[in-house]
Amino acid sequence: MATSTREPWLMENGNVKVLTRERHGRTAQTMSSSSLRKKSDMALVSKVRYSCLRKFLANLQEVILGTKLSVLFPAIPLAIIAHSFGFGKPWVFALSLLGLTPLAERISFLTEQITFYTGPTVGGLLNATCGNATELIIALFALWQRKVDVVKYSLLGSILSNLLLVLGTSLFCGGLANLHTEQKYDRKQADVNTVLLLLSLLCHILPLMFRYAGDAAAYSSSDTLQLSRASSIVMLVAYIAYLFFQLWTHREVFEAQEEEDDDLASDEAPVIGFWSAFIWLAGMTVVIAVLSEYVVGTIEEASASWGISVSFISIILLPIVGNAAEHAGAVIFAFKNKLDITLGVALGSATQIALFVVPVSVLFAWILNIDMNLDFNLLETGSLALAVLVTAFTLQDGTSHYMKGFVLLLCYVVIGACFFVSNGSTSDKGNGVNLGLNSSSKELFRI
């Protein structure tokens with residue numbers, strides 16, 4: 001049982017709560033983000049005479065300065081200033097991306113703080129909703145502006161990034177750092193996530209096969225749209241079942257990794273109060289929404305200015321920058337030979353995007369009367385299929401070495417090169433967004 005060593009004025013009710021590890025119920029994502037946090041020295045803040053000001057400064061120091069990524073926070077006001085005074089849109093885009101990087105890590109920190117007071121079940125549901133808040137908010141704003149292809153590209157890129165870049169870098173670096181130690185992990189969690197990713201892949205492949213399998217003259221895009229919406233409902237049902245499996249019936253499968261991690265025992269106490277965490281979480285969500293709107297509104301101008309296709313920016317750059325904090329944490333734990341946490345971050349995040357964010361985007365588009373389906377076109381769907389299959393084969397034996405990570409990284413490099421060289425090859429003249437369609441696909445859409 002861990003007791004808090006923090007000052008009583010850090011708690012809203014003035015009392016220090018005694019919390020157990022069982023009550024906390026941390027996930028791999030929150031543990032990964034914790035590797036980028038730094039302890040705050042409250043000696044100076046504690047000398048402030050006024051309790052309200054002391055509490056505010058303490059929260060400010062924990063939330064804003066309590067991360068190694070705090071140097072990127074100035075990018076947020078700079079992005080707002082650049083947008084307000086009409087600076088170049090590529091600058092607004094770049095500054096907004098940099099500003100989103102520490103916010104993603106801070107969202108994880110704040111949801112973890114709330115978990116201390118709500119218990120593992122509610123905390124797990126909160127993490128299941130906010131774990132990929134950046135991707136979800138960007139997708140919703142892109143849909144609001146009817147940029148369906150940006151939504152598809154960004155979500156596809158997040159899945160590919162987690163499966164190939166994050167997992168590949170982690171296994172490669174972890175293997176090099178532990179050359180003389182056999183790296184092992186529990187296959188149970190990896191198997192569950194792999195099966196769910198295969199289900200998601202099936203839901204993406206069927207609309208594509210439906211478009212090519214039938215008579216071209218009888219093809220109707222409305223049929224693909226209806227199939228996609230039905231598949232999205234199925235994926236959401238699978239995700240709800242996955243949460244029930246993770247938080248209730250087989251919770252020990254996902255928390256076994258935590259019991260072996262003594263390095264995180266010192267973090268088993270809240271540093272800010274419940275209502276402070278809730279207010280900060282709401283405020284940062286608003287800031288993420290503002291920056292996401294900037295990103296979506298300036299992505300095409302940045303693409304034209306930099307000479308890079310929208311598909312490459314959305315699939316490669318957005319996921320790398322937006323999830324840098326979580327990715328860095330996964331690599332750090334691989335260095336420490338804690339692959340269960342690394343796999344929980346990479347596979348858990350990919351599963352959450354595939355089974356939650358993607359179907360929610362399709363259904364949200366349905367509400368807005370926007371035709372968004374699960375047909376991500378042949379090149380994109382093929383890349384997703386190969387990424388899932390390569391990852392599944394890589395994780396089948398429960399052991400790891402640097403060669404596995406190196407192969408995953410090479411797969412990501414090849415896919416990135418593919419989307420990079422596709423710049424300007426095909427485009428939709430109607431909205432100026434690079435669709436990446438081949439000639440046969442364009443002929444089908446003309447029918």
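Is Gly344 buried or exposed? Gly344 counts as buried, at 3% relative accessibility. Here buried means under 20% relative accessible area, exposed means over 50%, and partly exposed lies in between, with a 1.4 Å probe and protein chains only. This is a predicted model, in which local features need pLDDT of at least 70 and side-chain atom pairs count only at pLDDT 80 or more, while totals for chains, interfaces and linings use all residues. Residues are numbered from 1 along each chain as its sequence is written, and side-chain values use heavy atoms, with hydrogens and water left out.

**Contacts across the sequence**

- Gly344 sits in helix H15. Helices (H or I, at least four residues) are DSSP runs, numbered from the N terminus.
- The C-alpha atoms of Gly344 and Ala190 are 7.7 Å apart in space, with the two residues 154 apart in sequence.
- Gln226 belongs to helix H10. Gln226 is exposed, at 54% relative accessible area.
- Gln226 and Pro207 are 19 residues apart in sequence. Their C-alpha to C-alpha distance is 9.6 Å.

**Salt bridges**

- The whole structure holds six salt bridges. A salt bridge is a side-chain nitrogen of Lys or Arg within 4 Å of a carboxyl oxygen of Asp or Glu.
- Side chains of opposite charge can pair when their charged atoms come close.
- One of the salt bridges joins Asp375 and Arg211, with the closest N and O atoms 2.5 Å apart. Asp375 lies in the loop between helix H15 (339–367) and helix H16 (377–394), and Arg211 lies in helix H9 (residues 187–213), so this pair ties together parts that are 164 residues apart in sequence. Asp375 and Arg211 are both buried.
- Asp371 forms a salt bridge with Arg229, and their closest N and O atoms are 4.0 Å apart. Asp371 is in the loop between H15 and H16 and Arg229 is in helix H10 (residues 221–249), so the pair ties together parts 142 residues apart in sequence.
- Asp371 is exposed, with a relative accessible area of 57%. Arg229 is buried, at 12%.
- Lys404 and Asp397 also meet through their side chains in a salt bridge, at 2.6 Å from N to O. Lys404 is buried, with a relative accessible area of 14%. Asp397 is partly exposed, at 44%.

**Second largest cavity**

- A search of the whole structure finds four cavities of 30 Å³ or more. On a 1 Å grid over the protein atoms alone, a cavity is a set of points where a 1.4 Å probe fits but cannot get out, and lining residues have an atom within 4 Å of a point.
- The second largest cavity has a volume of about 100 Å³. A volume is the space filled by probe spheres set on the grid points, which are joined across faces, edges and corners.
- Ten residues line this cavity. Glu135, Ile138, Ser158, Leu318 and Pro319 lie nearest its centre.
- Helix H7 (133–144), helix H8 (148–177) and helix H13 (310–322) each supply at least two residues of the lining.
- The lining divides into four nonpolar, five polar and one charged residue. Ala, Val, Leu, Ile, Met, Phe, Trp, Tyr, Cys and Pro count as nonpolar, Asp, Glu, Lys and Arg as charged, and the others, Gly among them, as polar.

**Nonpolar surface patch**

- Leu176, Leu179, Tyr402, Met403, Phe406, Val407 and Leu410 form a nonpolar patch on the surface. Patch residues have over 30% relative accessible area and no salt bridge, with nonpolar side chains (Val, Leu, Ile, Met, Phe, Trp, Tyr) joined within 5 Å.
- Together these residues have about 610 Å² of accessible area. Accessible areas come from the Shrake-Rupley method with a 1.4 Å probe, and for residues only the protein chains shown count as cover.
- Helix H17 (residues 402–421) gives the most to the patch, with five residues.
- Tyr402 is located in helix H17. Tyr402 counts as partly exposed, at 36% relative accessibility.

**Backbone: positive phi**

- Most residues other than glycine have a negative phi.
- Asn337 has a positive phi, near 60°. Asn337 is found in the loop between helix H14 (324–335) and H15. Asn337 is partly exposed, with a relative accessible area of 26%.
- Asn369 is not a glycine, yet has a positive phi of about 60°. Asn369 lies in the loop between H15 and H16. Asn369 is exposed, at 62% relative accessible area.

Conventions:
1 Å grid on protein atoms, 1.4 Å probe; cavity = no way out; pocket = protein on both sides within 12 Å on 5 of 7 lines; lining within 4 Å. Patch = residues over 30% accessible without salt bridge, like charges linked within 9 Å, V, L, I, M, F, W, Y side chains within 5 Å.
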